[in-house]
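Welcome! Have a look around first, then try each task before you read on.

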Amino acid sequence: EYERAVGWRCYLDDNLQFPFKAECIAERQVSPLEKGEKVEVVGMIDDDDELSEMFVEIKWKGRKMGVPLTQISPINADEETVQAVETWHYWKARGYCF
C-alpha cells in the first residue's frame with residue numbers, strides 16, 4: 001500500500017506543473033468547494049497519514065487549504081498536468097485504492 005501511494009505521489013510530483021487553474025467538479029464532505037467554483041492549485045499536500053487520497057493545496061477566498069485531487073479538473077493547464085489529473089481520476093473511478 002505504502003509503495004503504491006509513494007509511486008502515485010512521485011508520478012504526480014513529476015507531472016503536475018504548479019500553479020494551475022482548476023474547477024471543482026464534485027462536492028465533497030471534506031471540502032467547502034461547490035461544483036463550478038474556480039480555484040488556483042499551488043502545490044501538493046504531503047500527508048503520509050492519508051493513504052486513500054491525494055490532496056492538493058489551493059488558494060480559496062484569500063487563504064490556502066487542501067482539497068482532494070479528485071474534486072478538481074484543470075483549466076487551461078499544460079498537457080502533462082491535464083494527463084496526470086485525468087489518470088488519477090480514472091484510477092480512483094475504477095475503485096482502485098492503496
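## Exercise 1: Strand partners

Strands β2 and β3 (residues 55–60) form an antiparallel pair held by four bridges. Here, helices (H or I, at least four residues) and strands (E, at least two) are DSSP runs, numbered from the N terminus, and two strands pair if DSSP finds at least two bridges between them. This is a predicted model, in which local features need pLDDT of at least 70, side-chain atom pairs count only at pLDDT 80 or more, and totals for chains, interfaces and linings use all residues. Residues are numbered from 1 along each chain as its sequence is written, and side-chain values use heavy atoms, with hydrogens and water left out.

**Task.** Find the bridge partner of M44 in β3, then work out how β1 joins β2.

**Solution.** 
- Step 1: M44 has V56 as its bridge partner in β3.
- Step 2: β1 (residues 20–24) runs antiparallel to β2 (residues 38–44), and four bridges join them.
- Step 3: For an example of this pairing, look at F20, which stands opposite V41 in β2.

## Exercise 2: The nonpolar core

**Task.** Which residues of the largest nonpolar core touch the most other members?

**Solution.** 
- Step 1: Start with the terms. A nonpolar core is a set of buried Ala, Val, Leu, Ile, Met, Phe, Trp, Tyr and Cys residues joined through side-chain atoms within 4.5 Å. Buried means under 20% relative accessible area, exposed over 50%, and partly exposed in between (1.4 Å probe, protein chains only).
- Step 2: The largest core has 25 residues, and those touching the most other members are L12, L33, M54, V56, I58, L69 and I72.
- Step 3: At least two core residues come from each of α1 (2–15), β1, β2, β3, β4 (63–68) and α2 (79–93). α2 gives the largest share, four residues.
- Step 4: Now follow L12. Leaving aside neighbours within four places in sequence, L12 is in contact (heavy atoms within 4.5 Å) with M44, M54, L69 and A84.

## Exercise 3: Two helices side by side

**Task.** How are α1 and α2 oriented to each other, parallel or antiparallel?

**Solution.** 
- Step 1: Two packed helices are described by the angle between their axes and the distance between the axes.
- Step 2: For α1 and α2 the angle is about 155° and the axes are 8 Å apart. Axes are lines fitted to C-alpha atoms, for helices over the stretch in contact, and angles run from 0 to 180 degrees between N-to-C directions.
- Step 3: Angles under 35 degrees count as roughly parallel, over 145 as roughly antiparallel, 65 to 115 as roughly perpendicular and the rest as oblique. α1 and α2 are therefore roughly antiparallel.
- Step 4: R4, W8, Y11, L12 and N15 of α1 meet E80, T81, Q83, A84, T87, W88 and W91 of α2.
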